[in-house]
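Colleague: Could you take me through one part of this model at close range? I would like to look at the nonpolar core and whatever you can tell me about the sheet.

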Amino acid sequence: MIVYDGLKSDFLHSVENDTIAMEIERNIRHRMGLHVSKSEFQAWNNSLNYMYKVLTDTLIPQNAGIAIEYNIPQTAKRVDFMISGYNKNHAPGMVIIELKQWSELKKVDGSDALVETFTGGAMRRVVHPSYQAWSYAQLIADYNATVQDKNIDLKPCAFLHNYFRNEPDPLDDPQYEAYTKEAPAFTMGQVNALRTFIKSFVKYGDNKELLYEVDHGKIRPSKSLQDAISSMLKGNQEFIMIDEQKAVHDEILKQAKACQKDHKKRTIICQGGPGTGKSVIAINLLAALTKSNQVVQYVSKNSAPRQVYATKLKGKLKKSSVDNMFKGSGSYTETPVNMIHTVLVDEAHRLAAKSGMFHNKGENQIKELIHTAACSVFFIDERQRVTMDDIGSVAAIEKYAQMEHSEVTKMELVSQFRCNGSNGYLAWLDNLLEIRQTANYDLDGIDYDFVVCDSPQQLREKILEKNKDANKARILAGYCWNWPKEGRNNTNYHDIRIGDFGISWNLSDGKAFAISETSVNEAGCIHTTQGLEFDYVGVIIGDDLRYENGHVVTDFTKRASTDQSIKGLKSLYKENREEALARAEEIIKNTYRTLMTRGMKGCYVYCTDKALSDYIERRLHHKVIKYPTVGESLGLKAAESVAVYGKNAHKS
């Protein structure tokens, strides 16, 4: 949907009369029902006056189409500025311009898409403006039938009109070249260069006809996108489905396709523990449903699994349409009903009520996701809720599905394909951590490499050795050590210190911890590893989990002050001590359960609490303990002992 559209002559007239921002605000309120902030209103006034300066060039046709705030269908994304027309060969085209108010930015080392700039009242990491412009153009090309059928050439660029460019400049750093080549960035003093760029693609006006056709174009995935994701999946061993995974996949595929035919709203809840293949099924569904002309999105709250799966699918490609298929769970606060065909929600137990940087947007992520899609699929394991904000549960999904008039189907994945395919290890772990009672007291007979290390150095040596094979071993840790801002990009800054042992938390450099070649030298936390798997993990258990008086106990006061997962727990403790302690126990035990089930072949642990270490060691193998008889405890001989026991047997 286009918020504002007109000819170039209309746009110039509105800017000259100082009405352009008011026209956009009025249209957004009437067409989208949204309130416009004062800062956004001022941004329009500022940026559009610069675009006025650009468009006063008489060689840019007066009847070229102008669109402002084009809401890309099936997303909550809005393109700032579009100019439509025909090139010198009379081929249709559009220039897509991302407008930025920024006056400074810093590069993020090791990232081809992230920069750091002052926005929202603080320095924050955001995508490079060229990446943003390119991704919007790619999204429109991938899903708009008119663009595909009419071969409309989309040309993205960015205009940072307040930004003074230096030589060299971080904006132009070689690490961003894949996107700056596709979508050049223009800055202060480059009005003429931007004019030249526009005139290269818009020589003749179209009386905004192309804008109308694109705005009313059917939504469907392009053939090139379908072929791309299918070819990426082929031969990728990590996404091969086996046994019940294929059965569950086929049933979900059937129901999702049925939604397109009978227009019924469906919600599918797929429960499964660690390693049962929930993510594998989700990625295969992403490809299969896209191939069947559906608009599909993979959704997770944590960025780590999205980043890893998109990277694995792309292989060696730096940029790909696949990126646009992976979304955060907070992307649906303002979306209309059934905006897309199917959402595949991985790690649904991590969904939150509110969205946004300050947790002040939207109503409830579960409700919003069900509202957004004709078919919503939730992959969930309630025992992996690890923060105070995690609200994902089967009951909550059923509740909101009923509110949205969506029929519910429940499925369950039982077979375990991680931890060497051993459900016994998971049962033992639950018993060990006193999460639930099981019959698995020890690990005898279970083919899983589990070792209690005497020191964190021993744990590191084991992981470094295992990582040599396939870069699939990682060190993980409970969140008992702070993550200060000043050391987040320095592997030599050791956040975690235990005696003379030191290691950095995973670096904040934009690289995926699970697949980076160097991240074996850092420690990952729950937020960088949940939903992912390795061959081996080494887990450092901090002081928040101890063994006291014959039981595994938790202590939320030993968590790091930078840990946002228990934010609000101290306040709850003052109001309701019992509830706070129960919530803390669930979070801490679930955290370590999740960390200790990331390894497919083995898990090595080091405990800062010696009593916990000894307890886990005792629980590894069954040992026959010879208890003294009553007689022996009294110092009697064997024959006398039997007699005494027999005499007192009726009292026992």
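Modeller: Happy to, and please keep in mind that this is a predicted model. Let's begin with the largest nonpolar core, which has 146 residues; those touching the most other members are Phe-326, Tyr-425, Phe-450, Val-539, Ile-541, Met-596 and Ile-616. Helix 11, residues 278-291, gives the most to this core, with eight residues. Now zoom in on Phe-450: leaving aside residues up to four places away in sequence, Phe-450 touches Tyr-425, Trp-428, Leu-443, Met-596, Cys-603, Val-605, Ile-616 and Leu-620. Another core, of 33 residues, lies apart from the largest one, and its members include Ala-21, Ile-60, Ile-68 and Ile-83. As a general rule, nonpolar side chains in soluble globular proteins tend to be buried together.

Six strands make up an open sheet with parallel pairing, in the order 12-11-13-14-10-15. From one strand to the next, the twist averages 20 degrees.

Two helices to look for here are helix 10 and helix 12. Helix 10 (residues 244-262) packs on the sheet and touches strands 10 (266-272), 13, 14 and 15, with its direction at about 165 degrees to that of strand 15. Helix 12 (residues 303-314) also packs on the sheet, touching strand 11 (296-300) and strand 12, and its direction makes about 170 degrees with that of strand 12.

Definitions and conventions. Residues are numbered from 1 along each chain as its sequence is written. This is a predicted model: local features need pLDDT of at least 70, side-chain atom pairs count only at pLDDT 80 or more; totals for chains, interfaces and linings use all residues. Side-chain values use heavy atoms; hydrogens and water are left out. Two strands pair if DSSP finds at least two bridges between them. Helices (H or I, at least four residues) and strands (E, at least two) are DSSP runs, numbered from the N terminus. Axes are lines fitted to C-alpha atoms, for helices over the stretch in contact, and angles run from 0 to 180 degrees between N-to-C directions. Contact means heavy atoms within 4.5 Å. A nonpolar core is a set of buried Ala, Val, Leu, Ile, Met, Phe, Trp, Tyr and Cys residues joined through side-chain atoms within 4.5 Å. Buried means under 20% relative accessible area, exposed over 50%, partly exposed in between (1.4 Å probe, protein chains only).
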